[in-house]
Every structure is written in structure tokens, then in C-alpha cells.
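Please read this report with the sequence and the model side by side.

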Amino acid sequence: MNDWLFGVTPGQLALLLGLCALIVVAAGICVAVYGWYTRRTMRRLEQMLEQAIAGSFEQRNYSEARLSRLEEKLSRFLRSSQLSRKSIEEDRGRIKSLIGDISHQTKTPLANILLYGQLLDEQPLPAAARPMLAQINTEAEKLRFLIEALVKLSRLESGVVQPVAEVQPLEPLLRALEHSFRPAAEQKGVSLHIEPAGVSACFDRKWTQEAVGNLVDNAIKYTPAGGHVSIACEQYAMFCRIAVKDDGPGIPEKEQAAVFQRFYRGHAAAKSPGVGVGLALARQIAAQQGGYIKLASEPGRGSEFSLYLPLEAQM
């Protein structure tokens with residue numbers, strides 16, 4: 001009984017205990033090595049991501065013995081991403097150069113056409129030539145506006161230029177809009193009412209005036225004589241709303257999503273002057289500043305375009 005324990009001799013028991021201890025030590029070493037390797041791999045992955053974020057990731061010659069499969073795949077992905085990033089930057093540079101060339105090459109010919117049109121208008125011409133000259137001037141002015149709007153839109157979409165938003169009051173912006181558009185409204189016989197705005201938002205003054213100006217211009221354009229156009233501001237928890245309301249023909253629901261596409265002209269706007277770029281530009285300007293535009297309209301009851309601007313700078 002003293003020599004046996006469940007059929008195991010003391011020598012066998014000692015051997016088993018020694019083997020168990022050896023297995024425990026080996027397992028501890030394996031766990032420690034695996035933990036070290038895992039921490040090393042995580043550090044390497046973190047370094048790769050930090051380099052990629054900083055734009056300094058460089059391709060290296062790795063071997064399977066030194067890198068895990070995960071590290072190798074991440075390395076291939078980051079190399080591919082870096083090549084794509086360089087390609088995008090090169091494309092942006094080409095787009096910037098192309099936009100600059102278009103703007104420069106078209107500005108002078110258009111200015112000359114408009115100038116010679118004005119000079120001809122001051123000369124004695126046959127009565128039959130007057131309508132043709134007026135049409136030339138109108139089309140040249142439309143082309144000038146179209147090219148300028150497309151250049152602005154392309155610069156915004158490609159990231160060549162970006163609005164610089166800062167927190168500031170909206171009242172000076174509204175007063176500038178009133179000064180710009182009241183003569184056109186009075187000439188057409190449209191009442192333009194701008195409510196005082198004691199609120200502030202985060203926006204770029206120049207680009208936002210361009211966006212809201214396009215909304216006001218459309219409102220006056222599509223409002224018949226004797227109608228009303230109003231501009232009002234309202235502050236919410238995170239955004240400030242600039243609402244431009246008109247007494248125009250209204251926009252059917254099926255067309256409301258499409259009116260923000262470039263060159264789109266709705267059924268009611270087909271006979272009115274315009275090129276269909278203003279709303280697309282206004283939406284892009286709003287989006288670049290962390291805002292957006294909404295439309296509420298019904299046929300025969302006018303339209304209300306609301307431009308929402310954030311109250312604080314976007315992170």
C-alpha cells in the first residue's frame with residue numbers, strides 16, 4: 001500500500017510530476033513568446049497606420065518570416081492606398097490647371113464680345129438689326145455667367161478651393177443681398193422683404209453670399225409682377241436656417257430632387273432665362289461648409305428654399 005498509489009509507483013509519480021512541471025513551463029514560455037509576438041505585431045501595425053496617416057509610409061522588402069500575414073496584407077493595402085492618393089493629387093493638379101486655362105482663355109473673348117456689343121448699341125443701326133444685337137448681348141452675358149458658374153462649381157467639387165468658415169453674424173450678409181437684389185426686384189414689380197437676423201452661424205461670407213444670392217435670384221426670376229419674395233433666418237440647436245420664399249409657380253414633387261442637378265430645367269422654368277447651374281452651385285457651397293439645402297414647394301403655391309449652416313466650426 002505504501003509502495004503503490006492507484007497502481008503508480010513513487011518513481012513513476014515523480015516522473016509524471018516532472019513532466020507536468022515541464023509542460024507548464026513550456027506552456028508559460030509559449031504564452032510569453034506569443035504575447036511578445038502579438039504586441040510586436042500590433043506595434044508594427046500601429047506604426048504602419050501612423051505613417052500612412054502622415055503620408056510617409058514607404059514600401060519595404062518584408063519576408064514571411066518577419067511579418068505576419070496580416071501585416072503583409074496591410075502593407076499591400078497601404079502601398080495601394082498611397083499610390084491612389086498620389087494619383088488623386090496629380091489629377092487634382094491637372095484639373096486645377098485645366099480650370100485655370102478655361103477661365104483665362106474664355107474671359108478675354110467674352111469681354112470683347114460684350115464690349116463690342118455695347119459699342120454697336122451706341123451706333124446708328126437699322127431698326128431690324130436692333131433685336132439681333134440685343135439677342136447677341138443677351139446670349140453673350142448668359143455664356144459669361146455659365147462659364148463663371150461652372151468654373152466655381154468645378155473648383156469646389158475638385159477641392160481646388162474651399163470655403164473658409166468662421167462664426168459671424170448673418171445680418172451683414174442679408175444687408176448685402178438686399179443691396180444687390182432690391183433694384184432687380186423693384187424693376188420687375190416684386191416686393192422683396194428681408195427680416196432682421198439677430199443670429200450667427202459658421203460660414204464663409206463670400207461663398208455663402210454666392211449661394212443665397214442664387215436662391216434669391218431664382219426667387220425674383222420666377223415670381224410674377226406683384227408677387228413677394230422674403231428672406232428670413234431661424235436658429236436651431238445645431239444649425240441656422242436661411243429661408244428664401246417666393247410666390248412663383250412652384251415645383252412638382254417629382255422634380256424637386258432633380259432641380260439641384262446641373263443644367264436641369266423644370267417644366268415651369270423652361271420659358272424663363274437661366275442655365276440651370278445656380279442651385280447645384282448653392283448646394284455644393286452649403287455642403288462644403290457642413291450644411292445642406294432643403295426645398296418645400298407645391299405647384300401654384302410658390303417655393304421655399306432653406307439653406308442650413310452649422311452654428312459652430314466643423315471638426
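Buried means under 20% relative accessible area, exposed means over 50%, and partly exposed lies in between (1.4 Å probe, protein chains only).

## Basis of the report

This is a predicted model, in which local features need pLDDT of at least 70 and side-chain atom pairs count only at pLDDT 80 or more, while totals for chains, interfaces and linings use all residues. Residues are numbered from 1 along each chain as its sequence is written, and side-chain values use heavy atoms, with hydrogens and water left out.

## Helix α5

Helices (H or I, at least four residues) and strands (E, at least two) are DSSP runs, numbered from the N terminus. Helix α5 has 18 residues and spans 26 Å from its first C-alpha to its last, close to the 26 Å expected at 1.5 Å a residue. The expected span is 1.5 Å times one less than the number of residues. Among the buried residues of α5 are Trp207, Ala211, Val212, Leu215 and Tyr222.

At the N-terminal end, aspartate 204 caps α5, with a side-chain oxygen 3.0 Å from the backbone nitrogen of lysine 206.

## The nonpolar core

A nonpolar core is a set of buried Ala, Val, Leu, Ile, Met, Phe, Trp, Tyr and Cys residues joined through side-chain atoms within 4.5 Å. The largest one holds 46 residues, of which Leu170, Ile231, Ile242, Val244, Phe305 and Leu307 touch the most other members. Helix α5 gives the most to this core, with 7 residues. In soluble globular proteins, nonpolar side chains tend to be buried together.

Contact means heavy atoms within 4.5 Å. Leaving out residues up to four places away in sequence, isoleucine 242 touches residues including Leu170, Val212, Ile231, Phe305 and Leu307.

## Aromatic pairs

Rings of Phe, Tyr and Trp (its six-membered ring) pair if their centres lie within 6.5 Å; planes under 30 degrees apart count as stacked, over 60 as edge-to-face and the rest as tilted. The structure holds 4 aromatic pairs. In one of them, the rings of phenylalanine 260 and phenylalanine 305 have centres 6.1 Å apart and planes at 80°, so this pair is edge-to-face. Phenylalanine 260 is in the loop between α6 and α7, and phenylalanine 305 is in strand β7 (residues 303-310), 45 residues apart. Phenylalanine 260 is buried at 7% relative accessible area.

Tyrosine 292 and tyrosine 308 form a stacked pair, 4.6 Å centre to centre with 10° between the planes. Tyrosine 292 belongs to strand β6 (residues 292-297) and tyrosine 308 to strand β7. Tyrosine 292 is partly exposed at 35% relative accessibility, whereas tyrosine 308 is buried at 11%.

Notes. Polar contact = N/O pair within 3.5 Å; in protein donor to acceptor, adjacent residues only side chain to side chain.
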